[in-house]
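These entries record what I looked up in the structure.

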Number of protein chains: 4
Amino acid sequence: MPTTDPAAGTLHDGVHALPLRVYYEDTDFSGVVYHASYLRFLERGRTEFIRALGIDQADLHAADGFAFVVRRMTIDWLRPARMDDCISIETRPLALKGASLELAQRVLRGGEVLLEATVLVVGVAGGRPVRLPADLRRRLETATSAGS
Amino acid sequence: MPTTDPAAGTLHDGVHALPLRVYYEDTDFSGVVYHASYLRFLERGRTEFIRALGIDQADLHAADGFAFVVRRMTIDWLRPARMDDCISIETRPLALKGASLELAQRVLRGGEVLLEATVLVVGVAGGRPVRLPADLRRRLETATSAGS
Amino acid sequence: MPTTDPAAGTLHDGVHALPLRVYYEDTDFSGVVYHASYLRFLERGRTEFIRALGIDQADLHAADGFAFVVRRMTIDWLRPARMDDCISIETRPLALKGASLELAQRVLRGGEVLLEATVLVVGVAGGRPVRLPADLRRRLETATSAGS
Amino acid sequence: MPTTDPAAGTLHDGVHALPLRVYYEDTDFSGVVYHASYLRFLERGRTEFIRALGIDQADLHAADGFAFVVRRMTIDWLRPARMDDCISIETRPLALKGASLELAQRVLRGGEVLLEATVLVVGVAGGRPVRLPADLRRRLETATSAGS
C-alpha cells in the first residue's frame, strides 16, 4: 500500500538512501536530466540524512541562526538519468571536523552508479563560520563511525 | 517502516493526493516557497495521477510522440508553505474533451489550503494538437465520473 | 558593441520590455521551454519594471520588511519558446489599489505572442498585507496612467 | 541607452565575461543565492562563450546530433551572492583534447571572486562520446592559445 508521507529514505550502517522520481522539471531539451538538477537531488539527500539523525534543521536555524553551507564539491557525471526514472541518492559521512563535515554522495539507478560526488559543508551563523552544535556533532560522530 | 520507493501518492474516488517535502531549492530569500515552485509541485501531482491510472507517459511519448502540454492555468496563492513543510498535492479531473483535459488542483498542509488552481492540458504530437489516445481517454473517463 | 551590464530592458509609454535568452536550464525533455520557466521570466520582467521606476526592492525590504507577493495569475501558453531563442518580456500595469497591483504581461518572440498573463501582486510586511509605500504608489500611478 | 538585446557578454584575450543579475528565483530561504543556482549561471557563461566564438549549438545539434555534456566539475563556493546583485561569469578554456574541453570559470561581483570552478565537458552524439566538430575545434584552439 502506498505511503501517504513524503519519501524520507532509510539509514543503515551510516549510509542514507533516499528514493526519488525524475520529473519533467528535472530534464532539459537534450532528453536527459539537466546536470545542475543532480545538485538539488544531492541536497535533498543531505537534508533527509540529517533529519534521519533526529536533527531538525529548521529548529537549529530558528534557535541559533545555524545553517549548513556548501563550501566545495567535486562531481563526476557518469551516466544520464531520464524522465520517469526511479533513482536513489546515497549519502555517507566521510570526515567530521570542528566546523565542517565531508560527505560522499552517489546517485544510483538500480545497481548502476550515475553520479559520484564529494561534498564539503560548513556550519555558519550570521554569515560566519561556527562550530557545529554539540548535539549535531555527537549524532554525526555516531553515524560516521557506523559507516567505517 | 520507511518506504524505499519514491512517494507516488494515492487515488481515491477520483482524487489523487501526492505527499511532498519542501526543500531549500523550493524557497526564496523572502523565507517562504518561491511562487513558481508550486507549478513544479502541481506538475508532479499530475504526473503521478496519470501514472496511478496505469498510464506510462514515457511509453506514450515513445510510441506516438504524444505528450501533454499545459495550455491555461488560473492560480490562487492563499498561504505560503515553508522549508521542511510536508504538503499534499491534490489532483481531480474536471472535464474531458476530445483533445483536452481540465483538472482542479490544490496544495494543502494538513487541512489548510495553500493554493488552488484550474489547469487545462492538451494533447500534442509533433507540435500539433491531437486527440487523447483511446486507452488514456477510457481511464480518465472512469476517474472523472468517480469524482463527480 | 556588447554591453557589460545585465539586460535591464526599456520602459516606454508605461510598457516595460525585458530581452531574455533561453538557456538549457529553461527547457525540458519535450524539446521546448518548461511551462513553469515562463513564471521565472515574468518575475524577472516585473523586477526590472519596478527597478526602471527607480525603486530599489532590496532597500524597501531592508527598511520596512516590505515585499511583493504573487496572489493570483491567469496564464495562457500560446506557442512554445525553444533553446537559444531571444524573447522579450512585456510588463504593463493595469490597476493600482491600496495594497495591490494588477499587471498584464506577455512573452514575445519578435512579433509573435508566446504567452499572455494577468498577475495580481499584493504588498506584505511581516507576513501581513500592507499598503504600498507612498513613493512606490506615486511612481506606479504615473506609469499606469502613461500606459492608458 | 539600455540595450534591447539579451546580455551576451564580451570575449577578450580568450576570456569571456557574461554580466548577470540575481533574481528571486536564484535565492533560497537562507537569504543568499542557492548553491546549485551557480551551476545554471556557469552554463549560461559557457553557452555565451561558445556563441561568441561564432558557433551555433542549436545548428550543431540539428546537423549531427552533437551536444556538450558536463563530465566533471570541481567547485569552490567562496562568498555568497545576494538578491539584486550584478555578477559576472568568467569563462576561460584551459585544455582542448579530441573529445573534451576543460574550462576555468569564476563568478565575480566587482573585483570579488565569489566562486571558482574547473569544468570538463565532452562531446556526445546519440549518447556516445564523439570528437568535437572540426570548425568548433579550430575556433576553440584559437581562443585557448589567445588566453595563454
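I counted two strands as paired if DSSP finds at least two bridges between them. The strands themselves (E, at least two residues) and the helices (H or I, at least four residues) are DSSP runs, numbered from the N terminus.

**Conventions.** The model is predicted, with local features needing pLDDT of at least 70, side-chain atom pairs counting only at pLDDT 80 or more, and totals for chains, interfaces and linings using all residues. Residues are numbered from 1 along each chain as its sequence is written, while chains are lettered from A and ligands numbered from 1 in the order in which they are written.

**Entry 1: strands of chain C.** I began with strand S5 (residues 100-109) of chain C, which is antiparallel to strand S4 (residues 86-96) of chain C and joined to S4(C) by 8 bridges. Within this pairing, I found Thr91(C) bridged to Gln105(C) of S5(C). The two strands S4(C) and S5(C) make a hairpin, with 3 residues between them.

I then followed S5(C) to strand S6 (residues 112-125) of chain C; the two run antiparallel and share 10 bridges. Here Leu103(C) has Val119(C) in S6(C) as its bridge partner. S5(C) and S6(C) also form a hairpin, this one with 2 residues between them. In its turn I noted Gly110(C), whose phi is positive, at about 60 degrees.

I sorted the residues by type: Ala, Val, Leu, Ile, Met, Phe, Trp, Tyr, Cys and Pro as nonpolar, Asp, Glu, Lys and Arg as charged, and the others, Gly among them, as polar.

Which strand of chain A pairs with S3(D)? I found strand S3 (residues 66-77) of chain A, antiparallel to S3(D) over 5 bridges. Thr74(A) has Thr74(D) as its bridge partner.

For the symmetry, I used copies superposed by least squares on the C-alpha atoms of residues with pLDDT of at least 70 in both.

**Entry 2: chain D against chain C.** This contact takes 24 residues from each of chain D and chain C. Strand S2 (15-21), helix H1 (37-52) and helix H2 (57-64) of chain D each give two or more residues to the chain D side. H1(D) gives the most, with 4 residues. I count 11 nonpolar, 6 polar and 7 charged residues on that side.

Chain D can be laid on chain C by a turn of 180 degrees and a shift of 0.0 Å along the axis, with an RMSD of 0.0 Å.

Notes
Contact = placed C-beta atoms within 7 Å.
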